[in-house]
Structure formats: structure tokens, C-alpha cells
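Subject: Structure for you to look over

Dear colleague,

Here is the structure I said I would pass on, with my notes on it below. Please read the notes beside the coordinates.

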Amino acid sequence: MTSRSKEKIAFAILTLTTILVTMPVILIVATIVKQGIGAINIEFLTTFPRNGMREGGIYPAIFGTLCLVAGAVVFAVPLGVGAAIYLNEYAGENLLTRLIRLAIINLAGVPSVVYGLFGMGLFVIFLNFGASILAGSLTLAVMNLPVIITASKEALSAVPQPFREVSLSLGASRWQTVRHIVLPNAVPGILTGIILEVSRAAGETAPILFTVAAFYLPGLPSSVFNQVMALPMHLFAISTQIPNISLETRYGTALVLLGLVFLVNSFAIVMRAILRRRRKW
Amino acid sequence: MTTSSTSPAIETRDLNLYYGSFQALIDVNMVIQPRRITGLIGPSGCGKSTLLRSLNRMNDLIPNVRVYGEIRVFDHNVCDDKTDLVGLRKRVGMVFQRPNPFPLSIYENVVFAARVHKTAKGSDFDDVVERCLSSVLLWEDLKDRLGKSALELSLEQQQRLCIARLLAVMPDILLMDEPCSAMDPASTQGLEELIARLKEEYTIVIVTHNMQQAARVSDDCGFMLLGEMVEFRLTDEMFKIPQDERTRDYVTGRYG
């Protein structure tokens, strides 16, 4: 066989795998859109569920998920980026930092239900936050930390070393170097990590199951110590716990969850593109 | 050693430096006088860049570096652990081999030091930019496009910009690590003229592997070989009547 025809076969196989990888995504999105689009209207998005959640809208679940995602970002981003800065810019290479890195990698592999139980044990019971937005956000934040730390660390170490040298040689302190030179150049990469984690925080059910999510609430929360409804939990509830709900409502809920994640992601991707264009090396 | 009426800008005393178990500098003694250009020459790997980088403690960034002996900058031993590195680097600045402007605008590059050291604010920044760019003869060329990215400039302009960025720190001593090695001959000549001009206000130490350059720009000259300072004297003497046989072989081009 000539190298030319080998090349053709390799190319064909690679194309096929690409198609195979994309197919499920397209199928899932297409099915949900096709089955759920009929349920989407203003009422569905802005009113409370009625008649045992069989009718009405899913507004409280949307609101709850937005609260939880915002809470998770507020806690996880400063902590995660801070840890990444420490590991990449300050800590030397020693046994302790190797252990920390190992711990982070392992944390990323912990199943989400374990985070849920951990959150219940620590935030709900031990710290006595109760099942609340605070406890749920913190649990999601802990789950998000490993990926945010890893992505931020990658982004920081991708900033060329000479920039740091020059900055230090100009009499800037380590922190000033991080603050003025390293961090601005790492923001696009850090955003990538945050994007990934926002989607996960919005979609995960297990971590919020024991820590915040309510089956049904008649009103919106009034403080961070209240429970909220959340989209993934709501979807789970109407799909398995309540008989005689139209398929359209269920798919509609899934579509809203998908759309929400898509919206948040697009926003972050646009922001990243703008920042990338501004800073080149 | 000749005595001098002015106190030296930099003086090293029995300076020894190791990278792990490799000794990169061996008993280096030299005296650098203020407002003169001191050239450091020698073949690759002789330790001239290491010596230069130890003068503002940039070697600290390399793991496993050990330094013994003294480096006195304006009569303070900067090898001391308690040395204020920020203060030292404000006084002793560095120009690197490859032009390395930040990926920011021309303006932001120049005002970087003023921003982090808070030596200027608001409209003063404009004065800093004009003063520093004028010092490196870039002001006329760039004054209408200060907002453009510094990375769009030519290599020579980038190197001049890096010098301007350094001048904004208001240092006393400029360390230059083969500043022309990435340049074509015309750019090299331009930069050499600039370096000669800067001598009026600054003490300059320049590392070069180009002997002719050392002969052209420097007042004093040190020849290094395998970590040792073989000879350190007036540049004219160094090239006309070298005392050490190894120096003579090097400056006459027998190796290097």
C-alpha cells in the first residue's frame, strides 16, 4: 500500500470518529429542541408551577439555578484562581506542592454525589447553614474548584517567563508582576475553566439534592439561608415523581436548562474572544 | 588597582557563584566606575551573563544558585539576604538580549514602572512617556501612535522601547545583556550611539560577544574565561597591550 492511500484511510477514519463524536451532541440537542420548543413561552418562563407542577411555568427553578451558579462562581473563582496563583507563581517544587497537585487531580475524579453528601455533612449539618442557597453554592463551589484551579494554573504557566523576568527586573514585586502582567494575560485561559464549571454547576443534580434543592416552593427565597428550586432537580422531579405530566413540559424544562447553559457559555466565550484579541504575544 | 577619586558604582569582592555543583564564577573581582561604560567580553559560557545577572540579583530566579563573596552597589552589599530586591532593581535595571516589550500598547509599556511604583499619576504619565521616549530617540517616530501594540514595532524600536521602559524606573545603573545580538548592523549602530549618549546620565555595564562592539562603546573592559575575570582594565589598553596571554589570544581572534 502506498503512503498516499494509507494517508487517505487514516484521514477517513479520523473524519468518521469526528462525526461519531458530534452525532450524540447533535441528536440530544435536536431531540430536546424538537420536543420541547412547543412548551416555551413567556408564561412558562415567568410563572410558578400550578396544579401539582403539571401546569404553569418553571420560573422559580430558573431563578434558583441562576442563584446557585452565581453563588458557586462567587466562592469558587477567587479561591480557585488564588490557589492557582499560589501554586504557579509562589510555591516552589516540593513534596507539599506535589501532594496538593495530586489532591486536586483526585478531587476532580470524585463523583458528584459524594460532593453532595460532603456538602450536607459540612455545610448543612456541621456549620448549621441548613438546606440553603449558601450550602448549595458552597457545595457546587467545592466541586468546581479542581477544574478551575487546574485550568487557571495552565493559563498562568502559559504566560511566557520573560514577561515575569522583565517585570521583576523593573523593580516590580512578585504580586505586582502577577497583578499587572501575568494575570491579565492569563484571563482568557482562566475563563475557559470557569465556562466549563458554570455548565457543570448549572446541570448537576446530586450536589444540590441534599444541600439546597426543594421539590416545590410556593415563593422565591428571601435570603441565602432559604431553599430554592433548581432546574436539574425540577426536571428530575417532574420526570420521575409526578405522573401525568405532558412530555412537552418535561422537554421544555430540559430545553430551558440547555439554553441557560448555552447563554452563559456564549457570554463567557465572547468575553474571552475580546480579551484574546486585545492581548497577543 | 588604581585608586579613584569617585567611589565606585559597583564592586565585586571574591565573587563565587555555583549552579548546583557547577561553578560559574570563580573569585571575580572588579570595580565599575560611575558614568562609564564597562564592557564584559569572553566566549560563550564564560560567565559574563551570569556575572551581569548577579549584579541585580536576577539569578535568584534560577533554582539552586549559590553565591559567595560580596557585590557592593553604591557601597551596599547586595548579596545580603536582607537586601531589598525591589529597591535594588529600581537602582540597577536590565536590558535583555531579545527585545521583550509587554504585550501592551507603547504607552502602557513606558508607564509600567510609574504605575507599579506609583511615582506618577494622571496626566504625569504623558510627561513620563514623552521624556523616556525622547531619551531613546523614539518620541518623534512614535508620538502619534502611542496606543499601538508594542509588538508591532521593529526589533530595534522594540529594544529602544525596552530601554525607555527601564529609564522610567529612574535607575542609576543599566545592565545590558547583549542588547544588539538580535539586530542587523544598521540597528546595532543606532543602538550603540544611543548607549554612548546614555553614558552621560547612567552607569552602564554591557555584555557582548562582539569584541569590536566592546572596543567601540566601552571605556573599561573585562575579559572573562571559564568563570574567571582574566583581565579588567581600560578598553584601549585591553585591546592594544593585553597583559594576559589568554586575553591576547582572544582579542587577536585566535579563539572565541
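A salt bridge is taken here as a side-chain nitrogen of Lys or Arg within 4 Å of a carboxyl oxygen of Asp or Glu. With that in hand, one network of salt bridges in chain B links B:Glu11, B:Arg13, B:Glu70, B:Arg72 and B:Asp75.

Before going further, some conventions. This is a predicted model, in which local features need pLDDT of at least 70 and side-chain atom pairs count only at pLDDT 80 or more, while totals for chains, interfaces and linings use all residues. Residues are numbered from 1 along each chain as its sequence is written, chains are lettered from A and ligands numbered from 1 in the order in which they are written, and side-chain values use heavy atoms, with hydrogens and water left out.

Chain A

Chain A has 11 helices and two strands, where helices (H or I, at least four residues) and strands (E, at least two) are DSSP runs numbered from the N terminus. Read from the N terminus, the order of its elements is α-α-β-β-α-α-α-α-α-α-α-α-α, and its C-alpha atoms fill a box of roughly 70 × 65 × 35 Å along the principal axes. Of its 281 residues, 42% count as buried, a term that means under 20% relative accessible area, with exposed meaning over 50% and partly exposed in between (1.4 Å probe, protein chains only). Among the contacts in chain A with a separation of 6 or more, 75% come from residues 24 or more positions apart, a contact being heavy atoms within 4.5 Å. The chain exposes about 14700 Å², and carbon and sulfur atoms supply 71% of that area, as computed by the Shrake-Rupley method with a 1.4 Å probe.

Where chains A and B meet

The contact between the two chains takes 17 residues from chain A and 23 residues from chain B. The area buried between them is about 1700 Å², of which carbon and sulfur atoms give 69%; buried area here is the accessible area (1.4 Å probe) that two parts lose on being put together, summed over both.

What salt-bridge count is found between chain B and chain A? The count is one, and the side chains that meet in it are those of A:Glu165 and B:Arg53, at 3.6 Å from N to O. A:Glu165 lies in helix 7 of chain A and B:Arg53 in helix 1 of chain B, so the pair joins two chains. Both partners are covered, since A:Glu165 counts as buried at 18% relative accessibility and B:Arg53 counts as buried at 13%.

The two helices that carry this pair are themselves well covered. Seven of the nine residues of helix 7 (residues 161-169) of chain A are buried, so this helix is largely enclosed by the rest of the structure. Helix 1 (residues 48-55) of chain B is mostly covered, with seven of its eight residues buried, including B:Leu51, B:Leu52 and B:Leu55. Helix 7 of chain A is followed by A:Gly171, with a positive phi near 85°, and helix 1 of chain B is followed by B:Arg57, with a positive phi near 60°.

A:Ser169, which lies in helix 7 of chain A, is buried with a relative accessible area of 0%. Leaving aside neighbours within four places in sequence, A:Ser169 is in contact with B:Asn56, B:Met58, B:Arg89, B:Val92, B:Gly93, B:Met94 and B:Phe96.

Within chain B

Over all chains, the structure holds 23 salt bridges. One of the links in chain B joins B:Arg72 to B:Asp75, with the closest N and O atoms 3.3 Å apart; B:Arg72 counts as buried at 18% relative accessibility, whereas B:Asp75 is exposed at 54%. Another joins B:Glu108 to B:Arg115 at 2.7 Å, and here B:Glu108 is partly exposed at 24%, as is B:Arg115 at 31%.

Two backbone angles deserve a look as well. Most residues other than glycine have a negative phi. B:Asp14, in strand 1 (residues 10-19) of chain B, has a positive phi near 45° and is partly exposed, with a relative accessible area of 44%. B:Asp27, in strand 2 (residues 22-32) of chain B, has a positive phi of about 45° although it is not a glycine, and B:Asp27 counts as partly exposed at 44% relative accessibility.

With best wishes
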